[in-house]
Amino acid sequence: MKILLCVLISIGTFTPTVARKCVFKGMISGFPDQTLVVLTPYKSTGPGDVDREITFHLNNGSFEIELAVEVPTYYSLRNRPENPLEFENLNFWIESGTLTLTGKRGELEFAHITGSPVQDEYEQYIRSHYKERKRIKDMRDSVLSHPDLSASVRTRLSGENRRLQSMISAADLQFIHDHTGSYISASLLSFYCNYRPDLMSVEKARVLYSGFSDVLKKSAYAEPIEKFINGNVRYDPPGIGDVPREFSLPDAKGGAVSLSSFKERIVLLDFWASWCAPCRAEHKNYLRIYEQSHDRGFEIVSVSQDANRKHWIDAVQKDQMKWISLLDSTAAITRGKYSILGIPSNYLIDDSGHIIAINITGKELAKRVEDLLSHKSSDK
């Protein structure tokens with residue numbers, strides 16, 4: 001049985017274009033029959049456009065859908081499992097024509113797609129740092145599968161991850177330099193300007209952008225790049241010893257909750273999203289600590305970046321998030337006030353209202369909270 005869906009997809013170019021048909025089909029082996037799959041176009045500014053996402057079910061691993069496409073568009077294809085640790089994601093490019101995907105469970109992010117010159121170029125780009133990406137995936141899977149890894153092991157893996165990411169970043173910048181007419185280059189430069197300004201100088205962005213073709217300079221990717229070049233992107237995260245930045249966001253009932261309302265308590269300020277598997281894996285640890293420590297003066301304030309409210313609520317209920325959960329659907333607080341570049345991310349705040357640890361997890365988090373509560377009790 002074929003699944004036929006007709007959807008017009010555009011990343012919002014500034015000049016009118018003619019929509020053309022794309023037939024997207026494939027086989028993803030290893031998943032149970034009727035596995036739910038989510039197909040989401042990315043916005044030019046980076047996040048997925050959940051208002052235009054498509055959901056369908058695999059039929060014995062196969063699928064076929066029909067799209068109307070104006071320009072080459074970057075997409076995410078992922079499953080939506082009950083267990084967040086089984087989440088998998090594939091990023092790729094769609095354009096007009098017939099595209100065929102071949103992939104398997106456990107390695108979806110390395111699936112092969114034929115029929116698209118832009119995707120061929122993208123896979124060539126991916127292959128240029130395949131070993132680094134595979135190593136990062138293996139480390140991520142190891143951390144997810146072993147939540148009680150020691151602090152020393154986590155520190156070592158974190159250092160290795162930074163080293164590999166640095167190598168990938170260097171390859172990205174070289175690709176952009178060598179492919180000035182590619183939508184992939186425009187997407188990559190937009191990503192760095194939006195999400196990794198710590199790795200991209202204004203001058204470097206200006207030089208790379210100046211070499212772009214006129215088509216790319218008229219595309220939707222131009223706006224976030226020009227915004228960065230013109231100095232309108234802020235990157236100023238709070239650090240150890242700082243007072244956390246005040247904000248107010250809605251909870252599940254629609255009421256506004258301010259961070260300052262938790263004065264004189266030990267607070268873990270957590271940034272996450274329902275689609276972030278490492279975030280949700282850590283929620284089990286949060287729940288244990290919360291149940292043991294909440295009555296003694298510990299609070300968790302989780303801020304979700306979900307653009308889809310239902311996905312946020314569903315994840316809160318599924319993960320038994322008994323603590324405070326707030327929605328930052330526009331990421332105005334996450335990225336605007338806190339300059340969060342990636343999730344999961346958290347800040348541990350002591351009862352004097354100062355940040356004392358950043359991105360602390362597992363047993364290390366539990367021990368630090370216990371030490372703080374014990375010290376607080378002994379001061380009374």
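How many nonpolar, polar and charged residues does the lining of the largest cavity have? In this predicted model, the lining comprises six nonpolar residues, two polar residues and one charged residue. The structure contains one cavity of 30 Å³ or more, and the space within the largest cavity amounts to about 30 Å³.

The residues that line the largest cavity are Ile-28, Phe-31, Thr-35, Val-37, Leu-58, Leu-77, Arg-78, Asn-79 and Leu-108. Among the contributing elements, strand 6, which spans residues 73–79, supplies the most to this lining, with three residues. Arg-78 is part of the lining and belongs to the charged class, of which the lining has one member.

A further feature of the model is the packing of two helices. For helix 3 (residues 151–178) and helix 4 (residues 183–195), the axes come within 9 Å and cross at roughly 130 degrees. Because of this angle, helix 3 is oblique to helix 4. The crossing of the two helices is left-handed.

On the side of helix 3, the contact is formed by Ile-168, Ser-169, Asp-172, Phe-175 and Ile-176. Helix 4 contributes Ile-184, Ser-185, Leu-188, Leu-189 and Tyr-192. By class, the residues of the contact between helix 3 and helix 4 comprise seven nonpolar, two polar and one charged.

Key: Residues are numbered from 1 along each chain as its sequence is written. This is a predicted model: local features need pLDDT of at least 70, side-chain atom pairs count only at pLDDT 80 or more; totals for chains, interfaces and linings use all residues. Side-chain values use heavy atoms; hydrogens and water are left out. On a 1 Å grid over the protein atoms alone, a cavity is a set of points where a 1.4 Å probe fits but cannot get out, and a pocket is an open set with protein on both sides within 12 Å along at least five of seven lines; lining residues have an atom within 4 Å of a point. Grid points are joined across faces, edges and corners, and a volume is the space filled by probe spheres set on the points. Helices (H or I, at least four residues) and strands (E, at least two) are DSSP runs, numbered from the N terminus. Ala, Val, Leu, Ile, Met, Phe, Trp, Tyr, Cys and Pro count as nonpolar, Asp, Glu, Lys and Arg as charged, and the others, Gly among them, as polar. Axes are lines fitted to C-alpha atoms, for helices over the stretch in contact, and angles run from 0 to 180 degrees between N-to-C directions. Angles under 35 degrees count as roughly parallel, over 145 as roughly antiparallel, 65 to 115 as roughly perpendicular and the rest as oblique. A crossing is left-handed if the near helix is turned anticlockwise from the far one by less than a right angle, and right-handed if clockwise. Contact means heavy atoms within 4.5 Å.
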